[in-house]
Amino acid sequence: MQSQGRTMATKIKGKPAAKSGAKARGKAQATATQIDAPANIGNPRMGWGSDAIAELLARMDFPYISLVPGASYRGFHDSIVNYLGNKNPRMLVNLHEEHAVAVAHGWAKVTDKPLPVALHSNVGLMHGTMAIFNAWCDRVPMLIFGANGPVDANERRPWIDWIHSTSDMGAQIRDYTKWDDTPMSVPAAFESILRGHQLTSTQPCAPVYICLDAGVQEKKLDEQPEFPDLTRYRAAEAPAPSEEQVARSADWLLKAKRPLVMLGRGSRDEGDWLRRIKLVEQLGAAVITDMHNPAVFPTNHPNHLIEPRFRPSPRSAEIVKQADVILILDWLDPAGYFAQTLKIGLVEAPQAKIINVSLDSYLHRGWSKDHQALPAADLPVLAGTDSFIAALLEEVGRRTKGKAKSLSAFKVPAAPAAAKRALDKSRARGGMNLRELADATVAELEGKDISYIKLPLGWPGDAISFNHPLDYLGHDGGGGVGSGPGISVGCALALKDTGRIPVALVGDGDFMMGSNALWTAAHNKIPFLMVVCNNRSYFNDETHQERMAVVRGRPPENKWIGQRLDEPAVDLAAIARAQGLDAEGPVWDAGALRAALKRGVEVVENGGTYVIDARIDTGYAEPMMTHPGNRKAG
Ligand SMILES: Cc1ncc(C[n+]2csc(CCOP(=O)(O)OP(=O)(O)O)c2C)c(N)n1
Ligand SMILES: [Mg+2]
């Protein structure tokens with residue numbers, strides 16, 4: 001069943017479960033091999049408000065806390081170092097708050113679990129906002145701690161405490177967090193942390209924010225507070241569908257001539273993965289998946305008809321047009337997808353009967369329109385997608401006796417011939433194109449246990465197949481460029497003891513905006529391989545300038561102006577090396593890239609982190625599909 005949001009101290013995939021409680025912590029004494037081990041802390045007594053809060057986090061078994069320090073939480077910081085011994089949680093220091101959040105985002109992508117983050121007062125929170133928005137749009141759990149004040153003006157230090165105090169810290173991010181609180185005592189902080197953890201771990205997941213008043217942190221404790229029984233504050237499982245909804249879905253899907261399953265968000269759980277396969281096989285349904293989300297279905301399965309994509313193609317449209325019943329499982333933007341594939345407008349519905357399973361509407365507010373256009377549904381179901389699949393599989397299995405049905409009669413449009421190497425004539429500068437980079441990467445990494453952490457926009461979806469929930473970890477959620485390096489660090493940390501090789505392919509714009517996230521990987525010895533698909537451009541936006549020029553009858557050859565990151569080209573390998581990582585490049589062709597990848601894999605297998613600056617031509621491997629009624633589509 002659902003792996004998401006159930007327990008407070010379950011095993012994280014590939015890692016030994018941390019032992020719980022103060023007993024396991026063995027009272028603060030740091031070990032010699034521990035990274036950032038504090039000295040001379042002895043056997044500290046719980047004496048301050050923030051000691052009690054830190055103790056609760058230790059009991060909740062958080063292995064790390066991702067942060068940038070600041071005086072607003074100096075009490076809490078001291079408690080983690082000198083009371084907990086910087087263990088369970090251990091601090092992951094970042095060079096920017098955006099990365100502190102992105103690391104927790106990456107962690108949640110792999111584990112389906114929240115990692116604590118600490119952000120300094122208003123200014124640290126301001127820096128963290130875009131990454132919080134990304135995490136919000138990606139519907140990942142995250143427990144963000146902030147700090148304020150002291151709220152009591154009488155306790156404030158002149159100037160600095162005043163500019164870093166606000167009357168409502170959570171207001172800055174309230175429109176894209178699930179919940180926030182400012183508890184004003186230790187028991188209130190306990191209640192707040194338990195509630196925040198429960199809420200963030202309950203589907204639909206999203207970050208929560210808890211602001212710790214400086215006064216509460218720094219107050220002396222008269223006595224040790226009562227600690228809650230954590231087993232009694234767990235998150236509930238995602239709701240299951242009603243029997244009627246399951247029966248109706250089974251009727252429609254089993255009677256359909258061409259049932260289509262649009263698999264959107266789902267857990268990283270292997271059991272959920274297998275149930276999705278069984279269900280699709282017993283329905284004889286076609287499946288499509290979306291590269292914005294982590295892998296949810298084997299993409300080389302015969303029922304997975306076309307390659308996973310960031311945006312639909314004419315072939316996607318051909319599949320959608322043929323379906324007579326469509327089961328939508330938490331797809332990011334069903335109405336937008338139909339608008340592009342079926343060329344229909346807002347509040348127009350496909351002919352096919354639609355079952356739409358999603359809990360996402362519980363998060364829809366109004367400030368952000370990340371809820372996307374309103375989809376039509378003949379059977380709307382408020383249930384967790386994997387709970388729904390488990391229930392439907394049982395019913396379908398009863399009716400089919402568990403037998404697979406042959407794949408329904410979809411006409412699968414022929415795949416276009418592999419894209420020819422086409423240099424961008426306007427400013428061709430040699431090198432490979434993205435297709436050649438993709439083919440070389442996949443060929444070189446063939447046979448290894450790879451987790452693709454991130455793939456760039458324009459990636460040819462047919463270059464690779466995903467066969468396990470950890471084979472691909474999706475995109476950034478909110479389209480906030482600069483998140484790639486930080487998310488990669490978090491994913492790689494969570495994958496550390498799984499035996500997998502984490503590989504991130506990011507754009508040069510994404511890399512350079514977020515490049516100093518990599519120091520956290522160097523310091524904490526987090527192995528992964530990063531290939532920068534370096535077209536020396538914010539190329540995505542060149543496509544927009546080209547379109548503007550064409551629409552306005554102006555010279556499209558100027559699309560590069562204000563976009564290119566060249567002359568001088570930045571030495572990306574030097575940026576990585578300067579932070580203590582191994583790196584090489586520029587590499588200019590597929591052969592050199594393969595040789596670089598070989599060296600990179602060896603470094604990663606020996607516990608290092610490796611960055612390759614791969615110079616590519618501008619241009620995407622796949623054409624983007626547009627919708628004529630929507631000026632922004634495509
Ligand atoms: C924070 C932020 N700033 C600007 C943008 C607009 N934008 C979208 S994609 C993009 C270019 C990204 O460049 P790169 O990572 O090199 O990828 P490429 O487009 O070249 O493939 C930009 C600037 C954004 N989405 N987010
Ligand atoms: Mg670029």
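The residues of the shell around ligand 1 divide into 5 nonpolar, 7 polar and 3 charged, where Ala, Val, Leu, Ile, Met, Phe, Trp, Tyr, Cys and Pro count as nonpolar, Asp, Glu, Lys and Arg as charged, and the others, Gly among them, as polar. This is a predicted model, in which local features need pLDDT of at least 70 and side-chain atom pairs count only at pLDDT 80 or more, while totals for chains, interfaces and linings use all residues. Residues are numbered from 1 along each chain as its sequence is written, chains are lettered from A and ligands numbered from 1 in the order in which they are written, and side-chain values use heavy atoms, with hydrogens and water left out.

- Of the 15 residues around ligand 1, the ones that come nearest are Gly 479, Asp 508, Gly 509, Ser 537 and Asn 540; a residue is near a molecule or strand if one of its heavy atoms lies within 4 Å of it.
- Helix H16 (508-514) and helix H18 (539-552) each supply at least two residues of this shell, helices being DSSP runs of H or I with at least four residues and strands runs of E with at least two, numbered from the N terminus.
- Oxygen atoms of ligand 1 lie 2.9 Å from a polar backbone atom of Ser 537 and 2.7 Å from a polar backbone atom of Asn 540.
- A nitrogen atom of ligand 1 is found 3.1 Å from a polar backbone atom of Val 481.
- Taken alone, ligand 1 exposes 580 Å², and the protein buries 73% of that, with accessible areas coming from the Shrake-Rupley method with a 1.4 Å probe.

**The sheet from S12 to S16**

- An open sheet of 5 strands, with parallel pairing, has the order S12-S13-S14-S16-S15, and two strands pair if DSSP finds at least two bridges between them.
- Strand S12 (450-454) and strand S15 (582-587) stand at the edges with a single partner strand each, so one side of each is left without a neighbour in the sheet.
- Neighbouring strands of this sheet are turned by 20° against each other on average, direction ignored; axes are lines fitted to C-alpha atoms, for helices over the stretch in contact, and angles run from 0 to 180 degrees between N-to-C directions.
- Within the sheet, strand S13 (residues 501-507) and strand S14 (residues 528-534) pair in the parallel sense over 5 bridges, and Gly 507 stands opposite Cys 533 in S14.
- Helix H14 (residues 434-445) packs on the sheet, touching S12, S13, S14 and strand S16 (609-615), and its direction makes about 150° with that of S12; contact means heavy atoms within 4.5 Å.
- Helix H20 (residues 590-605) also packs on the sheet, where this helix touches S13, S14, S15 and S16 and its direction makes about 170° with that of S16.

**The sheet from S7 to S11**

- Another open sheet is formed by 5 strands in the order S8-S7-S9-S10-S11, and its pairing is parallel.
- Strand S8 (286-289) and strand S11 (379-381) are at the edges, each with a single partner strand, so one side of each is left without a neighbour in the sheet.
- From one strand to the next, the twist averages 15°.
- Strand S10 (residues 353-357) and S11 run parallel and are joined by 3 bridges, with Val 357 opposite Val 381 in S11.
- Helix H9 (residues 243-255) lies across strand S7 (259-263), strand S9 (325-329), S10 and S11, running at about 135° to S11.
- Helix H12 (residues 334-342) packs on the sheet and touches S7, S8, S9 and S10, its direction making about 135° with that of S9.

**Backbone details**

- The peptide bond from Asn 88 to Pro 89 is cis, with omega near 15°, and Pro 89 has its place in the loop between helix H3 (74-83) and strand S2 (90-93).
- The peptide bond from Gly 585 to Pro 586 is also cis, with omega near 5°, and Pro 586 lies in strand S15.
- Asn 40, found in the loop between helix H1 (21-25) and helix H2 (49-59), has a positive phi of about 55° although it is not a glycine.

Terms used: A polar contact is a pair of N or O atoms within 3.5 Å; within protein, one must be able to donate a hydrogen and the other to accept it, and residues adjacent in sequence count only if both atoms are side-chain atoms.
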